[in-house]
Every structure is written in structure tokens, then in C-alpha cells.
Amino acid sequence: MSTAYPLPTGLSPATVNNTASLLRIVALALISGAAIASRLFAVINFESIIHEFDPWFNYRATKVLASKGFYEFWNWFDPTAWYPLGRVVGGTVYPGLMATSGVIYNILHALNLPVDIRNVCVLLAPGFSALTAWATYMFTKEMKDESAGLLAAAFIGIVPGYISRSVAGSYDNEAIAIFLLMFTFFCWIKALKQGSALFGTIAAVFYFYMVAAWGGYVFITNMIPLHALVLMLMGRFSHRLYVGYCSWYVVGTLASMQVPFVGFQPVSTSEHMGALGVFGLLQIVAFTQFVRSHLSSTQFRSLLNVGLFVVGIVGTAAFVGLTVKGTIAPWTGRFYSLWDTGYAKKYIPIIASVSEHQPTAWPAFFMDLQFLIFLFPAGVVMCFLELRDEHLFVIIYAALASYFAGVMVRLMLALTPVVCVASAVALSSLLDTYIDPTEPDVAEEQVPASTDTTTSPAQAVTTTSKKAKKAAAAGPPPASTPLTNLIAATSPVKKGSPPPPKGIFGIDARLVVVLNTLSMLFFFVFHCTWVTSNAYSSPSVVLASQNQDGSQHIIDDFREAYYWLRQNTPETAVVMSWWDYGYQIAGMADRPTLVDNNTWNNTHIATVGKAMSSSEEVAYPILRKHDVDYVLVIFGGLLGYSGDDINKFLWMVRIAQGVWPDEIQEPNYFTPQGEYRVDDRASQTMKESLMYKMSYYRFAELFGGQQATDRVRQQVLPKVGPTLDYLDEAFTSENWIVRIYQVRKEDPLGRDLKSANAFEKGKKRKRSKPQPRRRAVA
Amino acid sequence: MAPKPTSPPATAVNPLQTLWKVYNDNTPHRLKFIDAFLFFLMLSGIIQFAYCILVSNYPYNAFLSGFSSTVGQFVLVASLRSQVNPQNKDEFKDVSPERAFADFAIGSIVLHFFVYNFLG
């Protein structure tokens, strides 16, 4: 057997194995380092701070856990959220994330490393991303081999599709969930392969952890049964499947019911019924197999098959019957909207109003996954070619997750791991083929020519690629090491194939392909770093813009306003805002809020929407009834910050309309031509709405008599701005992004505030003419 | 969960008898012992379920934990049975009977930890 490039001789298999495992350990350590380091852009560029909206609640809950202990956290009733109602936090939260950082916090303190809980929260996601890389390595190792595992780990370490949800400071459930997802899947594959109840139990325990951490656990609950079902349908039932699935299901289901937020759902909702059905089916199939092993009569077997069929039909009918009867709850809106993509927009505007719940555009796939997106189908095809039991899992996962990621931007996160795994399988097969030094057997005259020309570039290959080195070290022709066997087994090169010899000849053909692959990998690294630093590392709490000279200008209006609230208002002052800012107000301003990002009570949100979208006279009683002291709006018209409340206003109208269709109608907020405008052509209802008035109050004055332009809507506003009778401007931040209004108390003389105001104004105008119409800022 | 000693088709009386005979003749004592335990677990599960249907499911978590303890124990024992069954030796290459018993013990301990935690 000739080789394309010289290989070191005289190495013992033990040396080769030891070197390979050392290289693997070093590679995994470097991958973890890269995964952590690439997530720190936001911390280094800005500061160590919690980002976005949801993480602020998780952070607040973790602070309670760290300061008061687990038991207090478990029974925590938060009276400041959803102001008149309050929120039972312990029963409405997935506690896995908080518990994890609480444990880390306590361990660090036990080791005399007094780290602030905020830093534990900020750096939790990067830390767990390193664990995700390791779990992906283990998972891919089961699919192919260690080298594919390393590639997959390297991919998921830096791929932007996962970084986007796990940068430092993004303290969200997904931060630990993807690690748990991959590790649960790894344990499941291991349980299926070995037929071991131990791995089934470990999978169940990690499944429990996943249930405690993220609502996306439903994906696992349906993925594993689907895999088992497909295996059974393909006639691949084995006792290993029975052992693995049953030990996972019984322990996992009982364990998942311990989480208060999940409760009895695993036995009563449609999302979990697939797992139960497959569990029942497995019992029947296993029993049939048992009987079949004792009797070999074909007639009896067919009779049993009929029995199986009947039981299956009866079982399905029972499920359908129970669902129709209502014993089993139907799909919740959130899940149902994944199947019927128009459902949310029609019936649950609050789900459709979240930008992450929109369908994904093509460029997003490329931006998040770069060249993995076109290696991904190739990897799935390679799984089809081999089609062991565990390859089916990757195929099903790929098909399902691709669909979900296409329906919802947010679910790109669930797709990313399988993309990394499948691409790693494809790329590693390619590299196996082209680094494999064995030349195909051909007629004698060609062999010396190829080996002669290839001696010098061989050095180039061995230095450029670590994998090349490993393969070279592993391939001394006489010694049959595990790796050579492996290469021989996995390489699709047909050695000694009949007459027209197929295969790769010489070093140049190898070099072209390998160098091309390497350059793709390099570009991948550059792309990932670029996307991470530019797109996904901005903490949305502070807004950054660049000055003319390239220096960074930071707009910190949010914290300015929240800290004003924190320091200048009584601790019991209730703040009303749109639900997006609920968690941030509670986290940073530490004031009770009416609604927040946990949108569990749609009517309450609609109340806020109604108050915001109706006129002052209508809104004022609502505000007074809810003890609202301050109203907070986000206004981006001065700075061109497009995510402001005027742009979200139509959703408030829609959500309010869903509850009070008689009082709020969306068409009233459009011009007769059907345009959504804020300038002097805006509709009367729009101009009178509380949101419009609060946003544009005194805005025209800012331009000193010139035309007032709204930079977001690009519209010129009327010279005379709206007036407010029931609210006082309390605070407006530096760039006018956050505006806080104080709700006036009732007039002491019992007049309604509008006439009281008019009276006051009229008097003023009579007494001193030059005095401008200006209201004192409280 | 299909009942163990009775088979769905009621018409085939003769095959049932042969099945019973073949089972009695060919099954090692160890497996018969396991099967006795399986039978007991099944009876316990049936009684609990019947009680739940006939009387009340009021402390629903108590019913669920009791019932899933029997169901879980049943499938874990059934797993153990298939792992130690000499007929399945080639299927479970990585799992020796001793390892299978250890797996079973660990699985049961974890299961019953959750059962007691859920009992309320």
C-alpha cells in the first residue's frame, strides 16, 4: 500500500492514541476559550451589565435567591409586579437558571471568592457555552468520531446563531438550556446505543434540569418519542430502545412534574401526549416481541399484528376522545401558532407583537450560520447514507428544527446545534477522505510517479493542518491502529475497486481540496467574530453611536430615567408603561409596575393599552383606579430611536381592541387614506390619544419656532403641540428617549381637571401678558 | 400497558395454552421470579387506578406518584428482564447482567426519590 505523503514509522499504537487524546484535550480547551472570549465583546466595550428585558427579571429573582436563600425564593410572592394583582413568582417561573447561578454563587463564596451576584449572572452564559461545546463534542462523537466531534464543538463554540442568545450579560433561560438540550440528547443516544437504564436515567435527570430551565423542553419531549416512533415504524425495534426510552420516560415525566410551573401538564396537555402514546406503544410492541419469541407460528403472529393494529387505533381514538372531551388540554396558543402561522396574528396579537415571533428571512440563516448552512444538507445526506439508529435522530431533528426556525426567528437557536453537528459530520468526512494518505491501487507505472512528486509538499500539509498531522501520525502502513481502521472504515474511497480505479491520486488533488476547506473555516471564524462584535454585542440598555471622529458616544437615557425614578419618587409609586419595560423598571428603578414582560394576563395589558390609546378624559379614571402615580413612555423622535412607543402604538391599540372592541377601533388611528401619521394630517383620535400627547408634549418648543421634525417617522409636526390637563411632565431624559409623567391628583375643589386647568390658564393670561404658557416642571 | 399473561385475541384459546406451556418450559427461574414481581406491580397499578376511577382522584399528585411509581418500577424491572435475558445477549453487548442490576438499582432510587418528593 503506497501513501501520498511520507508518514513517520515506528510509532507504537499507544503513542499515537496518547498523542491523539492530548491533542483532543488541548483542542477542547482552546475551543472553550474561544467560546468564552468571543462572548465578551459587550462586557469589554461597555460594561458588565444585564442586557435586554427578560434577563432583568431573572437577575432580580436571582438576587432574591442569593440573598434570602432557596426556600424564600421558592415561595416568593412579588407584590410589586402586576400591581394590583401581584405575581406568585415561585409557581410561574422556570427556576433552573436562578438555581444554577445561586449554586455557583454559593460555591464561589464557600471558596472565599466573594464575587458579586451580578457578575455571576453576566458571565453565566459564556461559561455554559463552553459546556455546550463539550456536550456537542460528545454528541457528535456518537454520530461519527472524535474528529467530527471536535469540528462540531468548534462550530458551536463560535457560531453566531447561538452567540446571539448567549453573550455575556444575556442572562436568559437559553443560556443554560442549549447545553442541557445537547447533553440530554447525548445521554439519550448513549442509552439507545447501549441499551442502558443508567444513561436513560441520566438523560431523565438532565431532562428534569432542562424542564426546570426552559419552556423549550417541549421540544425534547416530542423529539425523543418521535425518534422512537420512527425507529419502530422502520422495524428497528430493539430491547435497547425499550430500555432507553422507558427509563427516560418514567423517570423524566415524574421528575418534570416537580417543577411547579409545569405541574400536571405532562399528563394533561396535548404537547406531552406524544411521549405517553409512544410509551404505551412500546409496551405493546415489547409484549408482542415477547410472545413472538415463544411462538413461531406465522398465523399467530399475524393475529398479533391485527391485535397490535386494533390497540393502536383504540389508543389513538382514546386520545382524540379525551382531547375532545377536554380532559386533555388542547395545544396552547404559543405552540399552536407554530403550526397555523396565521393564528397568532388573528387571535392572540400579544404573541404576534413580539418581533422574535416573526418568520425568518433567508439572509438571517446565512448571517447566523455562514457556510454551515450549505454544509448542513450535505451532512444530513451523509446521515441518510449510513442510517444507524442515532443518525435517524439527527435527520428528524434537522427536519423539525429547520421547519421551526423557518416559522419563528427565535427558534433559530434550536436549529443551530443540529446544523453544527451535521456540518461537522459532512466536513469531517471530506477531510477524512482527502487527508487519508493511502493511494488507491492502480497499475504499477503510476504509483512511483505520484509518490516521487509528493515528498516535498507533504511537509506543507503536515504543518498547515492539525488534522493532517493527526492522520499522518495515525497512518503508519503496517501498524493497524484504531485510527487507521477508522479512517479505512469511514473513508468512502474504494480501495482496490474493479478496473477503472477510483480515488484520489497524488498530493496536489488532496492539497487543493484541503486548502479550500481550511480557507472556508478561516472565513467562518472571521465572519463569526465580525457578526458577534457588530450585531449581537450591544446591551440595548445603553445605546451607542459613533461620533464624526470615530469615537463612541453613549446614550444612557434609560438608566438616567430609571435612576431618577428610583431616587426621586416614593418607594410605593406605581409606574405604568407598556409591558416591554416592565422588567427593566422593576429591576433598575425598583418600583411597582402595572404590567411586565411576563404576559400572563392579557386583560391587564389591554387595560394599559386602552389607557395609552384613549383620550385623557377616558384614561384618567383608569389611571386613578389603578393607583398609577407615574406614566413612562419611550420616545425616539428626537434621536431617531425607532423602537419607541409610537411605533409600538398600533399593537397597544390592537390588544386593547381585542378586549374593548366598542371603545377602541384601530381604523380610527389612521388617516382617511389609511396612513399611520403623526403630523397635522393625523386623525383626531390619534392626536387626542394619551400616547400621542405624552410623546409630543412640548416637542415643538424644542425647535424654537422652526419646523419640528420627528426623526423616526420623518414627519413634520404641527407648530402647536398637544396640551396635557391630567398629567404633569415629571422628567424627560437628556435625549428625550424616556419621558415620565406624573398623574395629577383630583382637584381639591372637585372640578374636573380640564376645567380647573382652563380656569387657571385663563387667569394667568389676564394678569400678566408676557408670561409664556409654561408649566412648572415638578 | 398490555396485560401480561392474557393476550388481546380472545378467539385463540389454543395458542394461549401453548404460550403458557412454552413459557413455563423455556423460561429460567430467575426470569420467572422477575415476572412474578412484574405481575405483582401490575396488580398494584390496576388496584390504584381502579381506586382512582371509582372513588376519587382528589390528591391528584398522590395518585400520580403512586401510580407512576408502579408503572416506573414495572418498566425498569421489564428493562432489567430484557437485559439479563440470555436470548438478548447479542443485543446488549455493553451491559452485563451485573451492570444491568446496578443500572436498575440506580434508576429505581432516582425514581423513588422523585416519587417521595411528589407525594406531597
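Start by selecting A:Gln714. This residue is exposed, at a relative accessible area of 58%; exposed means over 50%, buried under 20%, and partly exposed in between, with a 1.4 Å probe and protein chains only. You'll find A:Gln714 in the loop between strand S7 (708-710) and strand S8 (715-717) of chain A. Check the backbone while you're there: phi is positive, about 55°, although A:Gln714 is not a glycine. Most residues other than glycine have a negative phi.

A word on the ground rules before moving on. This is a predicted model, where local features need pLDDT of at least 70 and side-chain atom pairs count only at pLDDT 80 or more, while totals for chains, interfaces and linings use all residues. Residues are numbered from 1 along each chain as its sequence is written, chains are lettered from A and ligands numbered from 1 in the order in which they are written, and side-chain values use heavy atoms, leaving out hydrogens and water.

Is A:Gln370 buried or exposed? Buried, with a relative accessible area of 12%.

**Zoom out to chain A**

Now select the whole of chain A. It has 36 helices and ten strands; both are DSSP runs numbered from the N terminus, with helices being H or I of at least four residues and strands E of at least two. Of its 778 residues, 54% count as buried. Take the contacts (heavy atoms within 4.5 Å) between residues at least 6 apart in sequence: 73% of them join residues at least 24 apart.

**Salt bridges**

Next, show Lys and Arg side-chain nitrogens within 4 Å of a carboxyl oxygen of Asp or Glu, which is the salt-bridge rule here. Over all chains the count is 35.

- Select A:Lys193 and A:Glu142: their side chains form a salt bridge at 3.0 Å, N to O. The two are 51 residues apart, with A:Lys193 in helix H10 (residues 174-194) and A:Glu142 in helix H7 (residues 124-143) of chain A. A:Lys193 is partly exposed at 29% relative accessible area, whereas A:Glu142 is buried at 8%.
- Select A:Lys144 and A:Asp432: this salt bridge is 2.8 Å, N to O. Here the partners are 288 residues apart, A:Lys144 being in the loop between H7 and helix H8 (146-158), and A:Asp432 in helix H23 (residues 412-435) of chain A. Both ends are buried, A:Lys144 at 19% and A:Asp432 at 12%.
- Select A:Arg677 and A:Asp679: the closest N and O atoms are 2.9 Å apart. A:Arg677 is buried at 17%, and so is A:Asp679 at 6%.

Now pick A:Glu142, A:Lys190, A:Lys193, A:Glu386, A:Arg388 and A:Glu390 together: salt bridges that share partners join them into one network.

**Over to the interface**

Bring chain B into view. How much area do chain A and chain B bury between them? About 3,500 Å², 74% of it on carbon and sulfur atoms; this is the accessible area (1.4 Å probe) that the two parts lose on being put together, summed over both. In chain A, A:Leu254, A:Phe287 and A:His294 lose the most area to chain B, together 17% of what that side buries. Salt bridges between the two chains number zero.

**Last stop: a nonpolar patch**

Finish by selecting A:Val306, A:Phe309, A:Val310, A:Ile313 and A:Val314, which make a nonpolar surface patch of about 490 Å². Patches take residues with over 30% relative accessible area and no salt bridge, joining like charges within 9 Å and nonpolar side chains (Val, Leu, Ile, Met, Phe, Trp, Tyr) within 5 Å. A:Val314 lies in helix H16 (residues 298-325) of chain A and is exposed, at 52%.

Terms used
Areas by Shrake-Rupley, 256 points an atom, 1.4 Å probe, with all protein chains shown as cover.
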